[in-house]
Amino acid sequence: MRLDTKAMRYLTAEDWRTLTAVETGSRNHEVVPTPLIGQISGLRGGVHKSISALAKVGLIARLKNAKYDGYRLTYGGLDYLALNTYRKRKDVYSVGNQIGVGKESDIFVVADEKGIQRVLKIHRLGRISFRTVKANRDYLRNRSSGSWMYMSRLAALKEFTFMTALRENGFPVPEPLSQSRHTIVMSLIDAFPMRQIASVPDPASLYSELIAMILRLAQYGLIHGDFNEFNILIKEEMIPKSEENPEEKMILSPILIDFPQMVSIDHINAEYYFDRDVNCIKRFFERKFHFTSDAKGPYFKDARRLVGRDGSKRLDVSVEASGFSKKMAKELEAYMKEVGVDGDGDPNASRGDEDSEYGDDDGEEQGEDEQ
């Protein structure tokens, strides 16, 4: 989905109040009644001008065949609200090119006031699913908390919380900088997705490092749940010649990304997710680098024995205590399973990981189907 920020500079204070009012009203209304928008914004009769301005640039939309006069917030409107928050915090000053797109997210390069580049990740849960599976939409209409907006917020909150915990405990992940609504701002890492790398000088070493990372996550009580070539970046570092190194040497360092599907090692389907993470790496190395490890496993029982070893903190427990509650986790997991998000599918479903493609179309919203 395109992120067009041109209209931001033209929005008035009244427009922002109106847009925020639609967001607030969306917590209890699929379509927010026009009188309620005026009431929440405090603009009353003057709200119609702002509603017209916001609808003109696609930040809110009137639903066809609605039973009453009202508007709903679009993804574009939610994007603007998040960007406005970052602008006030001075986390984001400008938005650059889109560098990544997935079925449930968009990724952009942004910069702060000093020109330091960062990454903006926008979660868009339900964008693809709702166009193809009508039952998903019916499911959400029976749940006041099950909207795309609420669930996208939960996905962003979960990812930011886990990324922060992992970073604080020495895991190679981007630095989480800020979070607002359905978005995250993180550090930009000069690295390549592993899926784009044609060859590596020492596949055995890289394979061992990735398997060790899966086991280290387990030691801290976590399973990534989507540990594959799409969610691993490879950073290249050249070690110059020295007395100890007579020849210049390249070091490959894996960086782990994408955490909305991460689960506790105590999760009911933990073994399934652990095995899938391991098998994804095994299959990728066999297919791409023609490398097969002589060592069997690791197996889930091996991972269970590592939990808490050497005084490792249970991050699944500490994350829950820090704000991302067990209730939130259950709601998000149920939603992701319902809409078929990669990484949280039915444990009994086909595991065609090797054929997975995380691309996306332009994600433009189409009337009621994107609710």
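**Salt bridges in a predicted model**

User: How far apart are the closest N and O atoms in the salt bridge of R118 with D91?

Analyst: R118 and D91 pair up in a salt bridge, meaning a side-chain nitrogen of Lys or Arg within 4 Å of a carboxyl oxygen of Asp or Glu. This is a predicted model, where local features need pLDDT of at least 70, side-chain atom pairs count only at pLDDT 80 or more, and totals for chains, interfaces and linings use all residues. Residues are numbered from 1 along each chain as its sequence is written, and side-chain values use heavy atoms, with hydrogens and water left out. For R118 and D91, the closest N and O atoms are apart by 3.9 Å.

User: How many residues apart in sequence are the parts that R118 and D91 tie together?

Analyst: Strands (E, at least two residues) and helices (H or I, at least four) are DSSP runs, numbered from the N terminus. R118 lies in strand β6 and D91 in the loop between α4 and β4 (94-101), so this pair ties together parts whose separation in sequence is 27 residues.

User: Are R118 and D91 buried or exposed?

Analyst: Buried means under 20% relative accessible area, exposed over 50%, and partly exposed in between (1.4 Å probe, protein chains only). By that cut-off, R118 and D91 are both buried.

User: Which residue forms a salt bridge with R118 at 3.6 Å?

Analyst: Here the closest N and O atoms are 3.6 Å apart.

User: How many salt bridges does a search of the whole structure find?

Analyst: One network joins D266, R304, R314 and D316 through salt bridges that share partners. Searching the whole structure gives a total of 15.
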